[in-house]
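Please look over the structure shown below before reading the notes that follow. The notes are grouped by topic.

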Amino acid sequence: MSLVTGGSLQSLRRTNQERILQLLLRNGAMHRAEIARQIDVSRATVSTIVSAMIDRGILVQVDVPQSGRVDGRVRERVAISRTLGVAAGLDFTLDRIAVHLSDLEHRALVSRAVQVPAGADATERIRVAAGLLDAALADHRLGRDDVVGLGVGVPGQVATATGAVGPSLPGQPWAGLNVRELFEEHFGQPVMVDNNTRMEAMAEYLWGAGRQAPTMLHVNLTSGIGAALIIDGKLYRGAVGGAGELGHVSVDPDGPPCPCGNRGCLIQQAAAPAVLAQLRPILGADATVSDVVTAVRSGDRAAVGVLADAMGVVGQALANLCNLLDPGLIVIGGPIAAAGEVVTDAVRTAVQRYAMPAVNFSTEVVQAHFEESTQAGARGGAALVLQEAPHLSSVLRRLAR
Ligand SMILES: [Zn+2]
């Protein structure tokens with residue numbers, strides 16, 4: 001039996017404090033018993049540490065009116081005090097910038113967006129984003145010092161190691177820029193950068209249709225088709241950050257050439273421009289994705305047929321992914337997903353038909369919880385900060401001091 005000195009007891013308690021804070025940052029409010037189970041420490045020890053942290057104003061009790069004391073045990077959940085900071089998300093699409101703030105208890109404080117000209121350069125976009133973020137903070141009497149981390153979503157491929165955006169889409173204002181460095185210089189806060197689809201996946205995983213499903217695949221159907229994979233609660237980016245380019249999976253090797261250099265890519269059959277090209281002769285030369293969604297919802301047979309066929313091809317590609325990865329849950333988001341069951345039914349039918357028996361009927365296919373208008377990407381930026389901010393340990397040390 002080894003002797004535990006006063007110093008090592010203190011350091012053990014500090015370690016347990018950090019683990020509790022880390023759990024609460026990732027999950028929001030939790031019961032003490034669940035904390036004890038997850039960090040494999042006795043309930044009594046957790047209760048002692050939590051009480052001390054409540055006394056110091058680091059943690060707070062929540063849900064007090066609903067729970068109260070039962071069987072002599074304290075049943076209220078605890079969370080990190082909202083006075084200690086906020087996680088912020090910014091999301092940039094071609095013509096829109098969105099912001100979202102979440103407190104450390106995981107409550108949404110504000111979600112809003114502004115339009116920007118599609119031709120705006122990176123400098124102009126950062127200027128507008130800074131104004132948007134500062135106004136959102138000011139509404140809650142907060143400043144940039146209160147931001148524990150900023151998650152930034154941009155279109156295109158982002159190199160995991162550097163935060164640089166690859167030279168991908170035409171007209172992509174961030175191409176070739178190191179977005180992480182740009183934002184860290186401008187905002188003076190730790191920044192995490194990733195692509196829009198991964199950010200939306202994080203929002204769905206933490207607060208939406210995924211609700212912390214251990215493994216899920218998020219698909220974003222828009223002018224491109226992106227996918228983001230969460231495996232065992234962690235966002236999977238691939239070796240260099242290039243994972244998830246579902247839209248450039250070839251579904252017809254003899255098909256037309258794609259700007260990516262491949263032939264017969266999925267986007268050429270199923271992304272918004274392909275769907276619109278088939279439906280504009282019927283719905284009008286200026287028809288948009290939103291017109292297609294309206295037509296599908298009102299039962300327009302041509303619109304339903306074209307979209308169902310396109311989504312069947314997406315489902316076939318997803319069936320291949322199911323065979324490889326068995327994600328268990330596929331969440332369909334993006335503007336096309338707003339058409340609802342026509343999309344999810346077509347994808348589900350294809351997965352059931354083409355995936356192997358072990359996964360074909362066990363894979364759930366659902367519509368995303370957050371629509372584009374709810375600033376899903378910016379929400380996901382804040383979610384990513386709470387889930388895996390790389391500077392978490394320094395934040396935790398500051399919180400526990
Ligand atoms: Zn391609």
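Which exposed residues does the face of α8 turned away from its buried side carry? In this predicted model, that face of α8 carries Pro273, Ala277 and Pro281, which are exposed.

**Helix α8 and what follows**

- Helix α8 spans residues 272–283 and has 12 residues, yet its end C-alpha atoms are only 14 Å apart, short of the 16 Å that a straight helix would reach at 1.5 Å a residue.
- The buried residues of α8 are Ala272, Val275 and Leu279, and because they fall within an arc of 65° when seen down the helix axis, they line one face of α8.
- The cover over the buried residues of α8 includes α9 (289–297) and α10 (301–325), whereas Pro273, Ala277 and Pro281 are the exposed residues on the face turned away from the buried side.
- After α8 comes Gly284, and the phi of Gly284 is positive, near 115°.

**The pair α2 and α3**

- Helix α2 (residues 32–39) packs with helix α3 (residues 43–55) at an angle of about 115°, and the axes of α2 and α3 are 9 Å apart.
- The crossing in which α2 passes α3 is right-handed.
- On the α2 side the contact is made by Arg32, Ala33, Ile35 and Ala36, which meet Arg43, Val46, Ser47 and Val50 of α3; sorted by class, the contact of α2 with α3 has 5 nonpolar, 1 polar and 2 charged residues.

- As background, most residues other than glycine have a negative phi.
- Asp232 counts as exposed because it has 7 C-beta neighbours inside 10 Å.
- Asp326, also a residue other than glycine, has a positive phi near 45°, and its place is in the loop between α10 and β14 (329–333).
- Asp326 has 15 other C-beta atoms within 10 Å and is therefore partly exposed.

**Positions in α10**

- Gly305 has its place in helix α10, where it counts as partly exposed because 14 C-beta neighbours lie inside 10 Å.
- Along the chain Gly305 and Arg96 are 209 residues apart, and a distance of 31 Å separates their C-alpha atoms.
- Leu321 and Ala108 are 213 residues apart in sequence, and their C-alpha atoms are 33 Å apart in space.

**Helix α12**

- Ala358 has its place in helix α12, which covers residues 357–360, and it counts as exposed because it has 11 C-beta neighbours inside 10 Å.
- Between Ala358 and Asn323, which are 35 residues apart in sequence, the C-alpha to C-alpha distance in space is 8.5 Å.

Terms used. Residues numbered from 1 in each chain as written. Predicted model: local features only at pLDDT ≥ 70, side-chain atom pairs only at ≥ 80, totals over all residues. Axes fitted to C-alpha atoms, helices over the stretch in contact; angles between N-to-C directions. Helix = DSSP H or I, 4+ residues; strand = E, 2+ residues; numbered from the N terminus. Left-handed = near helix turned anticlockwise from the far one by under 90°. Contact = placed C-beta atoms within 7 Å. Nonpolar A, V, L, I, M, F, W, Y, C, P; charged D, E, K, R; others polar. Expected span 1.5 Å × (residues − 1). Buried ≥ 20, exposed ≤ 12 C-beta atoms within 10 Å, placed from the backbone. Arc of directions from axis to C-beta.
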